[in-house]
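Please read them with the structure open.

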Amino acid sequence: MTAPLSSLPILRLKPKADAKRIRHGHPWAWGDDLVLDRRARAIPAGALAVLEDAERQPLGLGVATVEGKIGLRLLDRDPAALIDQAWLAARIQAAVDARTKLYDEPYYRLIHAEGDGLPGLIVDRFGDTLVMQPNAIWLEEREAAIVAALRDATGCANLIKNGTSRARLAEGLPEVTEVLLGDAPTAPIQVPMNGAIYMADVMAGQKTGLFFDQRENHAFAARLARGGRVLDVFSHVGGFGLASLAAGAVHALAVDASAPALQLAEAGAEAAGMADRFATRQGDAFATLEALAEEGARFDLVICDPPAFAPAKQALEAGLRAYERIAKLAAPLVTEGGVLMLCSCSHAAELPKFRAACLRGIGRAGREPRLIYTGFAGPDHPQHPALTETGYLKAVAFRLLP
């Protein structure tokens, strides 16, 4: 149980800091905006602290990391809030209630960090199994309480901790994968989504084993794929390709650098009875796109869903050039009147800049585009309006004119 308010340390904003930004909803206080005197610097990373403005008016209660770029992450606007088992259980139950209204089957992102008022916590649900990524030190110290709250709110029998993210390294936390509740799955979990079946390796796969964020974009692409040939580049476990086949595509080719991911994609196609219309090609995406062009391959729908080319602002320009190059290489593979869909999971590449990079690439390929769709992550990935990081995913689809 958390100590009463009077015993908690206080972090204060500098006079020139923008307190209104936090009052109006931003959940972070930048380290450079804090008065870091001897007492403030003595606050351990992950400890609770009350945030005040320069006039000593409380702004809320949060988690301090005073030596980091983000000096404090707000947990509650009430500076007297008690961050205990009941508080955690209430936040987690609210997230569960929101998802059960959205989805008929228990396959979705259950907790989306600040989007659900739980900074740093990611939880994906795979039926009776949860995969948790606790990416902040305050969560690590409350692990048992979080596990109990997740068990009680969902009734799930198994909970896997995946502690392998870059965010954990930034917090000084160790890399670890372990079973916190129940048993580890002995085989990939079948996940039904958009009429397809995906195979999620929650123990050894990428991140939590499957990307739920593209669900709505998969569904849109699948509507365009009926009766056509589909190329799914950076396909992971078959995301766009399998959804397209389920919607009636005559053939889908999945391209990825990871042989294990493509094996899972093939298993998903087999499980759904679509293996005869599905093929895979392992290799570097850029080289494969060039090779397909030389072979004269053409597709009615081409989707490129690469990893984050611009994971931070320092990498933005290089990332935008990479997105431009992908568009330039992919556009010639699209049939006249076909559709090119391009995605970015780089929060630093905001939509206007990402879209402009795509258009430059398409233009350099000599194709004339018309924007027909702009998509984002699904509602199980709620965005915090003040944080571009929670709205990282963008998808744009262009019909390429004859």
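This is a predicted model: local features need pLDDT of at least 70, side-chain atom pairs count only at pLDDT 80 or more; totals for chains, interfaces and linings use all residues.

1. Helix 3 against helix 5. Helix 3 spans residues 85-102 and helix 5 spans residues 143-154. Their axes lie 9 Å apart, at an angle of about 40 degrees. Roughly parallel would need an angle under 35 degrees. Helix 3 and helix 5 are therefore oblique to each other. The crossing of helix 3 over helix 5 is right-handed.

2. The contact of helix 3 with helix 5. Helix 3 contributes Gln-85, Leu-88, Ala-89, Ile-92, Gln-93 and Val-96. Helix 5 answers with Ala-145, Ile-146, Ala-148, Ala-149, Leu-150, Ala-153 and Thr-154. By class, that contact counts ten nonpolar residues, three polar and no charged ones.

3. Helix 10 against helix 11. Helix 10 (residues 285-294) packs on helix 11 (residues 316-330) at about 20 degrees, with the axes 9 Å apart. An angle under 35 degrees counts as roughly parallel, so helix 10 and helix 11 are roughly parallel to each other. This crossing is left-handed. Phe-286, Leu-289 and Glu-290 of helix 10 touch Ala-322, Arg-325, Ile-326, Leu-329 and Ala-330 of helix 11. The contact of helix 10 with helix 11 has six nonpolar, no polar and two charged residues.

4. Aromatic pairs. How many aromatic pairs does the structure hold? There are nine. One of them joins Trp-28 and Trp-30, edge-to-face, with 5.7 Å centre to centre and 75 degrees between the planes. Trp-28 has 9% relative accessibility, so Trp-28 counts as buried. Trp-30 has a relative accessible area of 26% and is partly exposed.

5. A stacked pair. The ring centres of Phe-220 and Tyr-373 are 3.8 Å apart, and the planes meet at 10 degrees, so this pair is stacked. Phe-220 sits in helix 7 (residues 215-225) and Tyr-373 in strand 18 (residues 369-375), so the pair ties together parts 153 residues apart in sequence. Are these two residues buried or exposed? Both Phe-220 and Tyr-373 are buried.

6. Helix 7 itself. Just after helix 7, Gly-227 takes a positive phi of about 75 degrees.

7. A ring cluster. Which residues do ring pairs link into a cluster? They are Phe-234, Phe-286, Phe-309, Tyr-323 and Phe-354.

Technical notes: Residues are numbered from 1 along each chain as its sequence is written. Side-chain values use heavy atoms; hydrogens and water are left out. Axes are lines fitted to C-alpha atoms, for helices over the stretch in contact, and angles run from 0 to 180 degrees between N-to-C directions. Helices (H or I, at least four residues) and strands (E, at least two) are DSSP runs, numbered from the N terminus. Angles under 35 degrees count as roughly parallel, over 145 as roughly antiparallel, 65 to 115 as roughly perpendicular and the rest as oblique. A crossing is left-handed if the near helix is turned anticlockwise from the far one by less than a right angle, and right-handed if clockwise. Contact means heavy atoms within 4.5 Å. Ala, Val, Leu, Ile, Met, Phe, Trp, Tyr, Cys and Pro count as nonpolar, Asp, Glu, Lys and Arg as charged, and the others, Gly among them, as polar. Rings of Phe, Tyr and Trp (its six-membered ring) pair if their centres lie within 6.5 Å; planes under 30 degrees apart count as stacked, over 60 as edge-to-face and the rest as tilted. Buried means under 20% relative accessible area, exposed over 50%, partly exposed in between (1.4 Å probe, protein chains only).
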